[in-house]
Amino acid sequence: MKISLLRQALSVSAVLATLCTALPAHAAQAAATHACAIKPYGLIGARWNELGGEKSGLGCPAAVEADVYRDGVWAGRRQRFARGQMVWSPGEGPKLVVSAWSIGGYAYVDWRSTLPRVYHRFLVRWTSAADSGGVNREVGGGDGGRMRVRVATSGGYRFYVQGCDVGISGSGCTHGWTVSVTAR
């Protein structure tokens, strides 16, 4: 009887080992993302996963996604993370997600995708305790981008991004600034 029970246990172990090794790659990745108590979804969740999920500079979500209003008008959605924020800013692009985080002595801002709009250049504006008047930097064009700023304060950095085009009569930034994101 002991030998029979031992054979059954071994065959159950063999079946389990086969099932575990036969899992598709996306199943293992999905299991890895459950380390965070809150799971992002939609466009913010998709971009968070592209950036590396909980292993990204943002880390795990610290709060659920919430509506953002500017001057009393709905402007998008924001989610806080361990080291920053992500925002969906549809007024500047129907699928535009802007992310900001701070790690390794730098504050980063990343934005994707302004499609169907493609810009000649972007203006990135940030404020912080070290730069309370704000700083603007021009960044190359396209449908997205990324830049970093050396951290000079223990406070956060608030970023805004604006797409601009160059025409015959000069430069124009007609679609406005994105909803702000903060790197901590």
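Predicted model: local features only at pLDDT ≥ 70, side-chain atom pairs only at ≥ 80, totals over all residues.
Two strands count as paired when DSSP finds at least two bridges between them. Strand 4 (97–103) and strand 5 (106–112) run antiparallel to one another and are joined over 7 bridges. Within this pairing, Ser99 has Asp110 of strand 5 as its bridge partner. The hairpin formed by the two strands has 2 residues between them, and Gly104 adopts a positive phi near 60° there. Strand 5 is mostly covered, with 6 of its 7 residues buried.

The largest nonpolar core holds 22 residues, and the members that touch the most others are Val98, Val109, Trp111, Val124, Met147 and Phe159. At least two core residues come from each of strands 4, 5, 6, 8, 9 and 11, and strand 6 gives the most, with 4 residues. Beyond its neighbours up to four places away in sequence, Met147 is in contact with Ala107, Tyr108, Val109, Trp111, Val124, Trp126, Arg137 and Val139. Another core, of 11 residues, lies apart from the largest one and includes Trp48, Phe81, Met86 and Tyr108.

Side chains of opposite charge can pair when their charged atoms come close. A search of the whole structure finds 8 salt bridges. One of them joins Arg47 and Glu50, at 2.8 Å from N to O. These two residues sit 3 apart in helix 3 (residues 42–51), so about one helical turn separates them. Arg47 counts as buried because its relative accessibility is 10%, under the 20% limit, whereas Glu50 is exposed, at 57%.

A second salt bridge connects Arg77 with Asp67 (2.7 Å, N to O). Arg77 belongs to strand 2 (residues 73–81) and Asp67 to strand 1 (residues 66–70), so the pair ties together parts 10 residues apart in sequence. Arg77 is buried at 16% relative accessibility, while Asp67 is partly exposed at 39%.

Arg121 and Glu138 form a further salt bridge, at 3.1 Å from N to O. This pair links distant parts of the chain, with Arg121 in strand 6 and Glu138 in strand 7 (residues 135–142), 17 residues apart. Arg121 is buried at 14% relative accessibility, and Glu138 is exposed at 53%. Finally, salt bridges with shared partners unite Arg47, Glu50, Asp110, Arg112 and Arg146 in one network.

Notes
Residues numbered from 1 in each chain as written. Heavy atoms only, no water. Core = buried A, V, L, I, M, F, W, Y, C linked by side-chain atoms within 4.5 Å. Buried < 20%, exposed > 50% of the residue type's maximum accessible area, 1.4 Å probe, protein only. Contact = heavy atoms within 4.5 Å. Salt bridge = Lys/Arg side-chain N within 4 Å of Asp/Glu carboxyl O.
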